[in-house]
Amino acid sequence: MFQVSLRRCFVSSSLLVSLFGLSLCAAAQQDAKPSDQTSPAAPASTPNQATPATDPLKRPLTDKQKKENAKALKQELSKTYKKWLDEDVVYIISDEERKAFKQLSNDEERDQFIEAFWQRRDPTPDTEENEFKEEHYRRIEYANEHFAAGIPGWKTDRGRIYIQYGPADEIDAHPSGGTYERPIEEGGGETSTFPFEDWRYRYLEGIGQEVIIEFVDTCMCGDFHMTLDRSEKDALLHTPNGGATLYEQLGMATKAQRFNGGLESLGPGPESATQASKEFDRLEQFAKLQAPPPVKFKDLEEVVSHKISMNLMPFDVRADFVKVTADTVLVPFTMQMKNRDITFVNKDGVQRGVVNIFGRVTTLTGHIAQTFEDTVQADIPAELLAKAAENSQVYWKAVPLRPGRYRVDIVVKDVNGDRVGTWSKGVQVPDFADDRLEASSLIVADLMEPVAAKNVGTGMFVIGATKVRPRVPPADGKPMSFKRNQKMNFWMQVYNLGINDKTHKASATVEYDVVNTTTNKAVIHTVESTDQMGNIGDQVTLQKTLSAANLDPGVYRIQIKVNDNISKQTVDPTVTFAVE
């Protein structure tokens, strides 16, 4: 087993003690009650407990309901990526990138695309921070705070320009409109205007120098829209004899001449010929402002486009989910490495393998939620190394996260062999809602035992008052396996059980079924009730141990089905395992 260095940091023991201490009291009674033990024979029904076939309180989900739930979950996950595409980066993603993103077939590919998207724009790729991304989300927040007008600020024209190009070098603001002396290039003369703003950028890459963008609020409602027509801000444009231009005042032009067609309704003036020659330049600039800004760091494009992930140091990972509070979930990551994949060197007659582990959990927007790193080692007597080659070393790290989707990157380095392995995957941390029956991950463990009072909530593999070492399934999709001389342990927590108003107790039944996947027949079936678990509340921890010797070699499925007799809800997680 690994000996972990002092650099490891775990979730504080006080948090887990307060959370799991009470709920685990029911699990401690399982060895004392024969009816709690998993056995090959199904127990007979008692007068106080109806058989599963006739109990009207049990309402398991139908196949149709399960499909609907799966579809709803898929739709919920797709909303996250749709928001990223249609809101977060809608103004900066190129048409090619958008098309490529829509062709991706699974969430893992989408997560990798999003990571590459930000890497292409990172001005300092050698550092952990991505200044471009941080500035981008700061701009979105600023736009929502300052440019909202019946719609979110990021949706407005001012919000779009601000998000794309940042703050202007100079702003000529007329928030209330009013009297306005036209510059000579707009025809001169005095008029009254709607509220408007002129944003001046000294230089915008790909657009040019001295870029002036005009926004007009013609509805007087705070919604400033970008315009090509500088006469659009003229509140007296359609008022006869109102707001005359310089030529109109001198009798050299009439107001009707402003509406002879063209890009703008400025009418004849001293600069008319010059302004007419610039119309195509203004149209080109307007079109460029609609397009996403160019990617500045083209040198990274090749790296991202041809990114190769090599797993020279193979290892397997599993993630589990345990409720901590209403908005916090404990996520234990378990990493498993074969001894044969670790390079051992002789150290004072003992073979020692050393592995460095680094993990990082990031949100969909790239914000770092958690990191962890450890140097761990395994010591094996030299004479036993050959026999231990097929054994595994297991490392465990639990991090608290809020519900939502994350990207998890774990890197493992074999120090003596100088080999590196990587694991990257999207992880959906569930939202354990308070208004429905929920369950933690169903953990199949090769070790499950209580810990001393002083170690509750702290240490490797410790969840509350129990040490639970998960068995990690291999990455090739095969089920986790047990030898016939080993014991299998099953651990799970159930949340939000209904409480009887009169007895102030929960009332639920728990069915354990081990099914042979080849014959699809249950080989072990047992039922227990919360009445047998003592005085429990709305949360209960379930723990069962089964000897693999009771099963013939083959592949099996364990299902733990909890029927809440008060809320009439059911949870029934399953896990597949093999016996060799």
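1. The lining of the largest cavity is made up of six charged, five polar and two nonpolar residues. The volume of this cavity is about 80 Å³. Of its 13 lining residues, Arg182, Arg230, Ser231, Asp234 and Leu266 are the closest to the centre. In total, three cavities of 30 Å³ or more are found in the structure.

2. Note that this is a predicted model, so confidence should be read alongside the coordinates. The mean pLDDT of the chain is 82, and 84% of the residues reach 70 or more. Residues 1–58 have a pLDDT below 50; in the model this stretch has 129 contacts beyond near neighbours in sequence. Residues 297–311 also have a pLDDT below 50, and there the number of contacts beyond near neighbours in sequence is 21.

3. How many disulfides does the structure hold? There is one. It joins Cys219 to Cys221, with an S to S distance of 1.9 Å. The angle about the S-S bond is -55 degrees, and the link of Cys219 and Cys221 is left-handed.

4. Cys219 has 42% relative accessibility, so Cys219 counts as partly exposed. Cys221 has 46%, so Cys221 is also partly exposed.

Note on methods: Residues are numbered from 1 along each chain as its sequence is written. This is a predicted model: local features need pLDDT of at least 70, side-chain atom pairs count only at pLDDT 80 or more; totals for chains, interfaces and linings use all residues. Side-chain values use heavy atoms; hydrogens and water are left out. On a 1 Å grid over the protein atoms alone, a cavity is a set of points where a 1.4 Å probe fits but cannot get out, and a pocket is an open set with protein on both sides within 12 Å along at least five of seven lines; lining residues have an atom within 4 Å of a point. Grid points are joined across faces, edges and corners, and a volume is the space filled by probe spheres set on the points. Ala, Val, Leu, Ile, Met, Phe, Trp, Tyr, Cys and Pro count as nonpolar, Asp, Glu, Lys and Arg as charged, and the others, Gly among them, as polar. A disulfide is a pair of cysteine sulfur atoms within 2.5 Å. Buried means under 20% relative accessible area, exposed over 50%, partly exposed in between (1.4 Å probe, protein chains only). pLDDT is the predictor's confidence in each residue, from 0 to 100. Contact means heavy atoms within 4.5 Å.
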